[in-house]
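The exercises below go through one protein structure, each with a worked solution. Look over the sequence and the model before starting.

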Amino acid sequence: SFNSMVVAIEEQEIVRQASEIKYRNLFQFSWDAIALRTEEGFIDCNQAAVEMFGYEKAEFLKLEPEDISTETQPDGSSSRELSARLITDALNSNKVHLEWSCRRKDGTVFPAEVLLNSTVVDDKPIVQVVFRDITRRKQAEGELEHHRRNLEELVEQRTGELDAQQAFLRQIIDADPNLLYVRDRDGK
C-alpha cells in the first residue's frame, strides 16, 4: 500500500513537471514580449521582452512601467498614473487591452498593443503583461489613410471636372436647343 502511494506521488510529480515545462516553454518561446508583475514590480520576463526593449533581463526586472513608456500616452495621459491604474484594474481580475506608446533602452519609441491579464501563482496575484510591437501595422494603416485621402481628392477633382463639362454642355444646349437630337438605331 505504501509502495503504491509512493508510485502515485511520483506519477503526479512527473505530470506536474511536464505541465510546468510546457507552460515555461509557452512563456519563454512566445513571439510576443511577456512580463509578469506584482504590485511591487516585475518578477519575470521572457526573451522576447529582453529583445523588444533592449535591456538585460536583470535590468528589465528592476524597471517600472514608466521606464519603458513615453512620458505621456497618445491621449495625453501620464504613463506613470495610467499604468498604475491599469495594473490595479488587471489585479482586480479585469482584462485590459490597449495601445501603448513604449520606449526602448536606446530611446526609440514604438507603438505596442498591450494586454494585461491577472492570474494567481502560489496564492499571489500576478499580472501577465503581453506586449506586441505594432509599428508595421501602424505604418500600413498610415499608408492606407494616405491612399484613401489621395483617392478622395482624385474623386473630388474628377467630379469637379465632370460638373464643369456638364455645365458647359448645358450652356450650349440652352443657347441653341436645336443642337440636341437623338439618333435611333437606323441613324435617323
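**Helices on the sheet**

Helix H5 (residues 135-175) lies across E3, E4 and E5, and makes an angle of about 135 degrees with E4. The model is a predicted one, in which local features need pLDDT of at least 70, side-chain atom pairs count only at pLDDT 80 or more, and totals for chains, interfaces and linings use all residues. Residues are numbered from 1 along each chain as its sequence is written, and side-chain values use heavy atoms, with hydrogens and water left out.

**Exercise 1.** State how many helices and strands the protein has, and the order in which they come.

Solution. Step two is the count, which gives five helices and five strands. Step three is the order from the N terminus, α-β-β-α-α-α-β-β-β-α.

**Exercise 2.** Describe the sheet: its strand order, its edges and its twist.

Solution. Begin with the pairing rule, by which two strands pair if DSSP finds at least two bridges between them. In general, strands of a sheet pair through backbone hydrogen bonds, either parallel or antiparallel. Here five strands form an open sheet in the order E2-E1-E5-E4-E3, and the pairing is antiparallel. At the edges are E2 and strand E3 (96-103), each of which pairs on one side only. From one strand to the next the twist averages 30 degrees. Angles run from 0 to 180 degrees between N-to-C directions, and axes are lines fitted to C-alpha atoms, for helices over the stretch in contact. Helix H4 (residues 79-91) also packs on the sheet and touches E1, E3, E4 and E5, with its direction at about 150 degrees to that of E3. Contact here means heavy atoms within 4.5 Å.

**Exercise 3.** Is valine 129 buried or exposed, and which residues does it contact?

Solution. Valine 129 is found in strand E5. Its relative accessible area is 7%, so it counts as buried; the cut-offs are under 20% for buried, over 50% for exposed, and partly exposed in between (1.4 Å probe, protein chains only). With neighbours within four places in sequence left aside, valine 129 is in contact with Ala33, Ile34, Ala35, Val114, Leu115 and Leu116. Phenylalanine 42 is 87 residues from valine 129 in sequence, yet their C-alpha atoms are 9.7 Å apart in space.

**Exercise 4.** Describe the largest cavity and the largest pocket.

Solution. On a 1 Å grid over the protein atoms alone, a cavity is a set of points where a 1.4 Å probe fits but cannot get out; a pocket is an open set with protein on both sides within 12 Å along at least five of seven lines; lining residues have an atom within 4 Å of a point. Grid points are joined across faces, edges and corners, and a volume is the space filled by probe spheres set on the points.

The largest cavity holds about 160 Å³ of space. Of its 13 lining residues, the closest to the centre are Pro65, Ser83, Trp100, Val114 and Val129. H4 gives the largest share of this lining, three residues.

The largest pocket has a volume of about 420 Å³. Tyr23, Arg24, Phe27, Leu36 and Val121 are the closest to its centre among 13 lining residues. H1 gives the most to the lining of this pocket, five residues.

Technical notes
Helices (H or I, at least four residues) and strands (E, at least two) are DSSP runs, numbered from the N terminus.
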